[in-house]
Amino acid sequence: MESVNAKYVSQKISKTRWRPVSHSTLQQPDIFATGSWDNEDNKISFWSIGNPGSSSLDDGFEGDPQLLCEHKHDGDVLDLQFLDQDKIVTTSSTGAVTIFRHHQNSQTISVSQRWPGVHCYACDNAPCTGVVCSSPEIVTVGEDGRIVVFRADQEGVVRVIENADSSTIHAVTYLRTTEILTVNSIGQLKLWDFRQQSNSPSQILSLSGDRVPLHCVDRHPNQQHIVATGGQDGMLCVWDIRQGSAPFSLMEAHSAEMWEVHFHPSNPDHLFTCSEDGSLLHWETSAQSDMPSFLQGGRNNSMISRSAMAPAGGNQSLISAWLSGDSSKGRVETTHMLPSQTLSVNSLDVLGQCLVCGTDGEAIFVNRQVPV
């Protein structure tokens with residue numbers, strides 16, 4: 001745990017995200033944003049961890065996040081995504097969607113664009129629960145079961161799918177350029193194709209049996225048909241949306257609600273989850289029988305509780321290890337990433353070798369030596 005730095009920030013952190021870095025360089029991320037919730041005054045904040053390559057002790061707090069700037073946020077920050085290097089999009093418990101601009105020269109934040117009350121009930125605003133960005137396009141979902149599409153370069157709303165869901169939509173991600181996936185409070189994963197004018201999903205997948213609410217979703221960065229979700233029961237579900245309508249595998253992950261799941265963006269054999277139970281887990285799957293040395297100590301055995309076989313006749317080399325039906329080839333190892341926690345870990349983000357998470361314990365944890 002020596003590589004984990006804790007920063008106590010006097011506010012409950014609901015969301016945290018790394019600022020994107022150029023794909024053409026091997027640069028590690030050095031700036032991240034956080035949003036708060038359940039505080040008297042909520043904020044969005046930008047933090048720096050300095051130069052990860054610096055070995056100088058003159059930095060004072062090596063690896064300790066330093067506050068760059070912050071801005072008041074109306075309502076709880078329910079989601080947060082970078083639109084580009086300088087702009088982030090937040091969603092609020094007030095139903096508003098806001099684009100904030102980070103001015104790096106002056107270390108100030110300004111409101112670039114705001115859409116108030118876009119998620120609402122007949123007589124009141126509804127919490128806007130999730131956002132996904134593909135600049136300049138922005139897609140949000142809400143407790144009102146509505147999907148709203150914006151463009152950062154337009155003032156109005158581009159498209160609204162009014163009754164996309166009869167229940168709360170908790171999260172959204174892109175599957176492809178024109179397709180999104182949403183997860184809801186009755187255990188369904190819905191695929192939406194924006195090329196179609198229809199306001200109905202093109203595909204619905206669901207958990208069998210109890211309708212356990214799904215809280216989070218992430219798509220495999222290289223194989224768009226592979227999706228991971230987490231929900232109220234703490235189970236990690238891996239789906240192959242090409243086949244069937246039920247999860248491919250279910251893994252016992254956490255003892256309480258799973259709030260976020262993220263594949264590592266450049267090494268998707270690694271996946272990370274966080275939970276209301278105060279834990280942050282690193283999942284590693286490998287087609288090789290030899291596990292990496294960094295997982296040799298204190299690791300758990302495979303946690304797959306149910307999985308289907310790999311597609312018959314499929315090319316094994318092209319089948320993701322997450323979908324390997326052979327337990328000897330598809331073992332999943334888990335590692336706890338935090339010292340013992342008691343309060344909820346609400347959000348995490350991973351980029352390069354850097355991981356950040358935010359908690360109800362009013363702490364941010366940064367690890368700059370994630371073994372991926």
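Predicted model: local features only at pLDDT ≥ 70, side-chain atom pairs only at ≥ 80, totals over all residues.

1. Residues are numbered from 1 along each chain as its sequence is written, and side-chain values use heavy atoms, with hydrogens and water left out.

2. Aspartate 144 sits in the loop between strand E11 (137-142) and strand E12 (147-151); strands are DSSP runs of E, at least two residues, numbered from the N terminus. With a relative accessible area of 14%, aspartate 144 is buried (under 20% relative accessible area, 1.4 Å probe, protein chains only).

3. The side chain of aspartate 144 makes a polar contact with the side chain of histidine 119 at 3.0 Å. A polar contact is a pair of N or O atoms within 3.5 Å; within protein, one must be able to donate a hydrogen and the other to accept it, and residues adjacent in sequence count only if both atoms are side-chain atoms. A polar atom of the aspartate 144 side chain also lies 2.9 Å from the backbone nitrogen of cysteine 120.

4. Elsewhere, four strands form an open sheet in the order E2-E3-E4-E5, paired antiparallel (pairing needs at least two DSSP bridges between two strands). Its edge strands are E2 (13-18) and E5 (66-73).

5. E2 pairs with strand E3 (residues 31-36) over five bridges, and tryptophan 18 stands opposite phenylalanine 32 in E3.

Technical notes:
Buried < 20%, exposed > 50% of the residue type's maximum accessible area, 1.4 Å probe, protein only.
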